[in-house]
Amino acid sequence: MKKAFVVIAGLIILLSSVICSNNNKQDFYRDFYGIYAFERVCYLSPFSSTTIWYLNKKMVGTKYTIKSDLFKIESNNIYNSVEISSPKYEKEEIPTKVSKLADIRSFLGTKVECQYTIDTIHKRLFVSSDCLWIASYADNTDDGSEIIMNIYKLSKIIE
């Protein structure tokens, strides 16, 4: 009888921890707002004049504030700081018909669930259940397509 109680209690604890971890992933997807640090370069366009190694080195310490009323990039190394009050994050589906230079699923895999465009600065956030990436893109005016210039993986800073 005592062994049965221990086994049942163990199963309840295991089940509740699985449910809680799934809820945390869903919360991340619903609310990606927060403060993030640059983690690494995931993709760099072949049109870039720099290297992934160089960017990984220079982007260390870059901080991203992504909130409903503020989008901010703070970097001492490579970019000028960017600050947008009252940004508009336009949620979009991931396009299925894209060019080879804009196919986000080939760059990051299939776990990307949606994207948010910040049009005024040609940046896009890609969100999965547990990750956030930021990309810069350029309009290819010749054919109206887009070219992804770079994609950085961000890590949430717990404050």
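This is a short exchange about how terms are applied to a predicted model.

Trainee: What should I know about the model before reading values?

Mentor: It is predicted: local features need pLDDT of at least 70, side-chain atom pairs count only at pLDDT 80 or more, and totals for chains, interfaces and linings use all residues. Residues are numbered from 1 along each chain as its sequence is written, and side-chain values use heavy atoms, with hydrogens and water left out.

Trainee: What makes up the secondary structure of the protein?

Mentor: Three helices and nine strands. Helices are DSSP runs of H or I with at least four residues; strands are runs of E with at least two, and both are numbered from the N terminus.

Trainee: Why is Ser48 called partly exposed?

Mentor: Buried means under 20% relative accessible area, exposed over 50%, and partly exposed in between, with a 1.4 Å probe and protein chains only. Ser48 has 24% relative accessibility, so it counts as partly exposed. Ser48 sits in the loop between strand 1 and helix 2 (52-58).

Trainee: How do you know that strand 1 and strand 9 pair?

Mentor: Pairing takes at least two bridges found by DSSP between two strands. Strand 1 and strand 9 (residues 145-156) have seven, in the antiparallel sense. Val41 stands opposite Tyr152 in strand 9.

Trainee: Which strand does strand 1 (residues 34-44) join through four bridges?

Mentor: Strand 2 (residues 63-67), also antiparallel. Here Ile35 stands opposite Thr65.

Trainee: How far apart are Ser48 and Met149 in sequence and in space?

Mentor: They are 101 residues apart in sequence, but 7.1 Å apart in space, C-alpha to C-alpha.
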